Each structure stands twice: as structure tokens, then as C-alpha cells.
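Subject: Structure handover and findings

Dear colleague,

Please find below the structure I promised to hand over. I would be glad if you could look through it first and then read the notes that follow.

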Amino acid sequence: MILVLGLVLAGFQVWLSGPVRAVEVVGQLVFAVLAGNLVMMTTRVSEMVRTISAVAIPLRRFGVRRDRLELLLSLTIGCIPRVSLAVTRAREAALARGVRPRLVLIVPAALIAIVREADQVGDALAARGL
């Protein structure tokens, strides 16, 4: 996926700004993705959440609560595999019906599943007084 994005971005940048700028932009993208992967492979999610919330301490002046920020980050990170699973299930359901999986079929089905699960998470948080 990143390869396709890089090729499209490179073509667009060559067209707009020339080959030198295209190499710079695509190089920055590749570096950012590799650096992100390195951090994700070497750092626990709980440590990243704690670090980000510690860095956000000065935002208390603007009403940002550290505990709420940690909850938000944890929920966001936890939802990534769930979104991927919803897309996979929607794709598999289309295949099981004998239909070629296309975006117009997969996206609405996945969105419905994601919204349903988000609603359940919201109900669970409300039940806990959050």
C-alpha cells in the first residue's frame, strides 16, 4: 500500500515540482513510515500513551485532562485492529455471497460494523461513568 502511495505521490510531485522535489517528498514519506514502524516495534503502547500524556501536561491550562487523554489514546490505538477486522469481515462476506468485493460494498458494511461497535464502547464507558 505504501508503495502505491509513494508511486502516485512521486508522479504527482514530478508533474508539479520536478524529479528532485519528488525524491525529497517520497524520501520523507518512506523515512516517516520506517521510523514509525521502528517505534511501534520497539515500544509498548502503554509507554507511548504515558509519554504522550506526560508531554501534554502543559495543556492542563486549556482544560486537557491527562486521564482523559490517556483513555482517548488507548481507545484510538485499540480501535485500529477492530477497523481492520471489520473490513476483512465485510470483504469475506462479499466473497461468501459470490460477489466480487468492491469498495462500494465493503466500505458501507465495514462502517456499519464500526459504528455499531463504537456505540457499544460508548455504552460501556457511560455505564462506568466516563
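Helices (H or I, at least four residues) and strands (E, at least two) are taken here as DSSP runs, numbered from the N terminus. With that convention, the elements of the chain run α-α-α-α-α from the N terminus on, so that the chain holds five helices and zero strands under this definition.

Two remarks on the basis of the values come before the rest. This is a predicted model, in which local features need pLDDT of at least 70 and side-chain atom pairs count only at pLDDT 80 or more, whereas totals for chains, interfaces and linings use all residues. Residues are numbered from 1 along each chain as its sequence is written, and side-chain values use heavy atoms, with hydrogens and water left out.

Overall dimensions

The C-alpha trace of the chain spans about 55 × 50 × 30 Å along its principal axes. The radius of gyration, taken over C-alpha atoms, can be set against a globule rule of 2.2 Å times the number of residues to the power 0.38; a compact globule of 130 residues would come out near 14 Å, but the chain has 20 Å. For accessibility, buried means under 20% relative accessible area, exposed means over 50%, and partly exposed lies in between, with a 1.4 Å probe and protein chains only. On that scale, 13% of the 130 residues of the chain count as buried.

Leu-3, by contrast, is found in helix H1 and is exposed, with a relative accessible area of 61%; the C-alpha atoms of Leu-3 and Arg-100 are separated by 24 Å, and the two residues are 97 residues apart along the chain.

Salt bridges

Side chains of opposite charge can pair when their charged atoms come close. Counting a salt bridge wherever a side-chain nitrogen of Lys or Arg lies within 4 Å of a carboxyl oxygen of Asp or Glu, the structure holds four, and the following are among them.

- Glu-24 and Arg-21 form a salt bridge in which the closest N and O atoms are 3.1 Å apart. Both residues lie in helix H2 (residues 19-42), three residues apart, about one turn of the helix; Glu-24 is partly exposed at 39%, and Arg-21 is partly exposed at 36%.
- Arg-65 and Asp-67 form a salt bridge with the closest N and O atoms 3.0 Å apart. Arg-65 counts as partly exposed at 45% relative accessibility, as does Asp-67, with a relative accessible area of 42%.
- Glu-70 and Arg-66 meet through their side chains at 3.7 Å, N to O. This pair lies in helix H4 (residues 66-96), four residues apart, about one turn of the helix; Glu-70 is partly exposed at 24%, and Arg-66 is partly exposed at 38%.

The aromatic pair

Rings of Phe, Tyr and Trp (its six-membered ring) pair if their centres lie within 6.5 Å, and planes under 30 degrees apart count as stacked, over 60 as edge-to-face and the rest as tilted. By this rule the count comes to one aromatic pair. The pair is formed by Phe-12 and Trp-15 and is tilted, at 5.9 Å centre to centre and 50° between the planes. Phe-12 and Trp-15 are separated by about one helical turn because they are three residues apart in helix H1 (residues 2-17). Phe-12 is partly exposed at 41%, whereas Trp-15 counts as exposed at 65%.

The cavity

On a 1 Å grid over the protein atoms alone, a cavity is a set of points where a 1.4 Å probe fits but cannot get out, and lining residues have an atom within 4 Å of a point. Grid points are joined across faces, edges and corners, and a volume is the space filled by probe spheres set on the points. A search of the whole structure finds one cavity of 30 Å³ or more, and the largest cavity has a volume of about 40 Å³. Its lining consists of Ser-53, Ala-56, Ile-57, Arg-60, Val-64, Arg-65, Arg-66 and Leu-69. With Ala, Val, Leu, Ile, Met, Phe, Trp, Tyr, Cys and Pro counted as nonpolar, Asp, Glu, Lys and Arg as charged, and the others, Gly among them, as polar, the lining divides into four nonpolar, one polar and three charged residues.

With best regards

Notes:
1 Å grid on protein atoms, 1.4 Å probe; cavity = no way out; pocket = protein on both sides within 12 Å on 5 of 7 lines; lining within 4 Å.
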